[in-house]
Amino acid sequence: MSDDSSSKPQAKPVDLSDEQVFWDLGESKSYGQYLQLDKVLSAQQPISYEHDEMLFIVIHQASELWMKLCLHELTGALDHIRRDDLGPSFKMLARVSRIQAQLTQSWDVLATMTPAEYSAFRNQLGRASGFQSYQYRMLEFIIGNKNADMIEVHRRDPVHYDALQRMLHSPSIYDESLRLLSRRGFEIPQDYLDRDWSQPYQPSKQVAAAWLAVYHSIEENWDLYDLAEKLVDLDMKFQLWRFSHMKTVERIIGYKRGTGGTGGVSYLAKALELRFFPELWTVRTSM
């Protein structure tokens, strides 16, 4: 029985005759020029001949781009909270939450790399490590995890070091939220409204009581209640991101020390104990 290909349906190209495609861009920038793809797509420079190093580079570069957008949105949200203009901040915080889901999912892709595949090029990384991510540290600082020691690894880069110093000594998004609560008439201790912002945040029973009052008067304080829930979502998604990071590292390198000098999995496990907004979690038990 012969294969009569003429009887099979033939694939047809998309008909563009009724489309007004700009085949000649004239003086306009192209898609690639606008996005500067020549720079973006030339930034993947493996230092080994191992196939899987490209995966490692792309995942981390893409994560840094997502973190850049997180910082952009969080900076905007913080500014709106400072000005008691909460509506726009909700959209920005919700967007960050969606970005965090993308960041968490990226670990699933990286986890396709086996221990043998990573070991083939890991030694060539030297001391390079995600621990040195300037943007990750900025994220922690703007959300509220202040730790001055973390800046020292960036001292060799004056621009990033100075930016981190400024963020370290500025109110976090939680600090500004507590200031907003105070302006709205809730009792926040004075030493939480004007303190050394570079110091780690310490939970307060009075702050917890203020948030509890918000939750007990939702109709009168809907926007503050919505802010609280947006912050909880931010905190929770950050925890999920950290947990996925830890499990991916455990899957690929086990309990080896990290390239940046930390204990690897043991260090990442410590980070899981952190909550950015502790009172927003404890208040749930009190309700």
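Modeller: Helices here are DSSP runs of H or I with at least four residues, strands are runs of E with at least two, and numbering goes from the N terminus. This is a predicted model, so local features need pLDDT of at least 70 and side-chain atom pairs pLDDT 80 or more, while totals for chains, interfaces and linings use all residues. Residues are numbered from 1 along each chain as its sequence is written, and side-chain values use heavy atoms, without hydrogens or water.

Biologist: Where is the place of Gln-36?

Modeller: Gln-36 is not a glycine, yet its phi is positive, near 50°. Its place is the loop between α1 and α2 (37-40).

Biologist: Is Gln-36 buried, partly exposed or exposed?

Modeller: Buried means under 20% relative accessible area, exposed over 50%, and partly exposed in between (1.4 Å probe, protein chains only). Gln-36 has 38% relative accessibility, so it counts as partly exposed.

Biologist: How far apart are the end C-alpha atoms of helix α3?

Modeller: The expected span is 1.5 Å times one less than the number of residues. Helix α3 (residues 53-82) has 30 residues, so it should span 44 Å. The model agrees, with its end C-alpha atoms apart by 43 Å.

Biologist: What volume has the largest cavity?

Modeller: On a 1 Å grid over the protein atoms alone, a cavity is a set of points where a 1.4 Å probe fits but cannot get out; lining residues have an atom within 4 Å of a point. Points are joined across faces, edges and corners, and a volume is the space filled by probe spheres set on them. The count comes to one cavity of 30 Å³ or more. The largest cavity has a volume of about 40 Å³.

Biologist: Which elements give two or more residues to the lining of the largest cavity?

Modeller: Its lining residues include Cys-70, Leu-74, Gln-100, Ile-143 and Trp-241. The elements that give two or more are α3, α4 (86-110), α6 (134-143) and α10 (222-253).

Biologist: How far apart in space are Ala-77 and Glu-229, C-alpha to C-alpha?

Modeller: Ala-77 sits in helix α3. With a relative accessible area of 0%, Ala-77 is buried. Ala-77 and Glu-229 are 152 residues apart in sequence, but their C-alpha atoms are apart in space by 14 Å.

Notes
1 Å grid on protein atoms, 1.4 Å probe; cavity = no way out; pocket = protein on both sides within 12 Å on 5 of 7 lines; lining within 4 Å.
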